[in-house]
Every structure is written in structure tokens, then in C-alpha cells.
Amino acid sequence: LYDGPSIYWHGKFPLTKYTLDPWPWSWLGKAPIHDLLPLQKSLDRMLRIVDDHMEKVARPDLIADKNSISKASLERIDTRKAGLKLSQNPLMGKGIQLVYPNPLPPEVFKQIEFLIDQMEKLSGTRDMSQLMKLNQMPSSDTIDRMMEAMTPLVRLRSRMFEAFMREFATKLAYNFAQFYTLPMRMRILGADGITPEDFDYDPGT
């Protein structure tokens, strides 16, 4: 253990924290997908409804009169199999009926579209997909308008990243000056990389 002044010239904690979504009274901030969890649960429920409905369409309900078909024959019937063949006695009861489900209301699909749209908006993927098209934009004015149209969440993350880069670059500059040797500085800066401090009794440090 070492209990003394910092060995780094920058005098800061050696690691720089980058928080995507800051949150009051929280050092780590909020997880980027925290707000998406309830939306994802609702989307899972909606998709399960659609999946169950399609299963009912593929294997519809079967109603048979017990007087026209035996219980053993009824259990062997699979309405999802192709080429289904049934025999019944029309003189004994109502026979066999295939009952298909009613179509799903359009509100289910509207709700699915709404949930996906909100998840793309809150997560910032919509803005990121627009940024991927920047290499096709003709002018810088279009880029400026696109940056202004971004959601506040994406702008906040961009500002947090800029703050992270400022602190990281400051410490990096101090580390270069402190730990780069004379040959390393001369390879990068040439003769300007030599300082009066290099001419001492311990050269190269």
C-alpha cells in the first residue's frame, strides 16, 4: 500500500469515468436501456398475442358431437396436418366443426408499431441510423439541421462524451510529458521535443 501524494503529474484519479446517462444522486448514472424495459415487456405481451393467434389459425379448434364420433377418433385428429380426412355420421348429432378464431383488432398492430417507435426514440437508435447516412449528405447545412433535430437524450450523451474527452485528454497530455522518454518525444516532435530538463545527470528520464 502507498499513502502519499499522487505519482501522476495531473494529480487526478488515473481512470476517467464516462457515464452515458447521468442521474441525480447516482455516481454510475442510469443504464441506457433502463427506460426500455417496461416497453419491452409490453412488446413481448403484444407479440405473444399475435403468436397465439397465428397458432390458432394454423391449428383451429375442433368441435365434435360425441354422438357422431368416438372420443378415441377425436383425439387422433390434428387440424394442423395437411390432407385431414374426417368421417362422421350426419344422422347422429351435429357432426364435426372447425372453428377459426376471429381476426385480431387493428389496435394490436398499432400498439406494436407504437412500442417499437418509442423504443427507437428513447434508445437513440433512430438518430444513430440517421448519422450513418452522413456520408451521403451533400452539404454541412444538412448535418447541422440533423444535429438540431436529434432527441435531447442523444445530445446529452454527446455532451457527456465531450466532457469525458476533455478530462481524458488533459491527463493524457500530462502522461506524455511525464512518461515519454527523450527518444520517443524526438520521434514525434523532432528537435522541439528536447527540453532543458533532459540535460541532467540521469539522461533519458
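Mentor: Let's talk about confidence, then salt bridges, then one threonine.

Trainee: What is the mean pLDDT of the protein chain?
Mentor: This is a predicted model, and the mean is 82, with 83% of the residues at 70 or more.

Trainee: Which elements have the lowest and highest mean pLDDT?
Mentor: Helix 5, residues 140–148, has the lowest at 65, and helix 1, residues 37–58, has the highest at 94.

Trainee: OK, salt bridges. How many are there?
Mentor: The count is six. One of them pairs Asp35 with Lys30, with the closest N and O atoms 3.0 Å apart.

Trainee: Is Lys30 buried or exposed?
Mentor: Lys30 is buried, because its relative accessibility is 18% and the cut-off is under 20%. Asp35 is partly exposed at 36%.

Trainee: And what does Glu55 pair with?
Mentor: Glu55 meets Arg59 at 3.0 Å, N to O, and Arg80 at 3.1 Å. Glu55 is in helix 1 and Arg80 in the loop between helix 2 (71–75) and strand 4 (96–99), so that pair ties together parts 25 residues apart in sequence.

Trainee: Which residues make up the network there?
Mentor: Glu55, Arg59, Asp78 and Arg80, joined by salt bridges that share partners.

Trainee: Switching topic: where is Thr16?
Mentor: Thr16 is in the segment before strand 1 (21–23), and Thr16 is buried at 18% relative accessible area.

Trainee: What does Thr16 touch?
Mentor: Leaving out residues up to four places away in sequence, Thr16 touches Phe164, Glu167, Phe168 and Lys171. The Thr16 side chain also makes a polar contact with the Lys171 side chain, at 2.7 Å.

Terms used
Residues numbered from 1 in each chain as written. Predicted model: local features only at pLDDT ≥ 70, side-chain atom pairs only at ≥ 80, totals over all residues. Heavy atoms only, no water. Helix = DSSP H or I, 4+ residues; strand = E, 2+ residues; numbered from the N terminus. Buried < 20%, exposed > 50% of the residue type's maximum accessible area, 1.4 Å probe, protein only. Polar contact = N/O pair within 3.5 Å; in protein donor to acceptor, adjacent residues only side chain to side chain. Contact = heavy atoms within 4.5 Å. pLDDT = per-residue confidence, 0-100. Salt bridge = Lys/Arg side-chain N within 4 Å of Asp/Glu carboxyl O.
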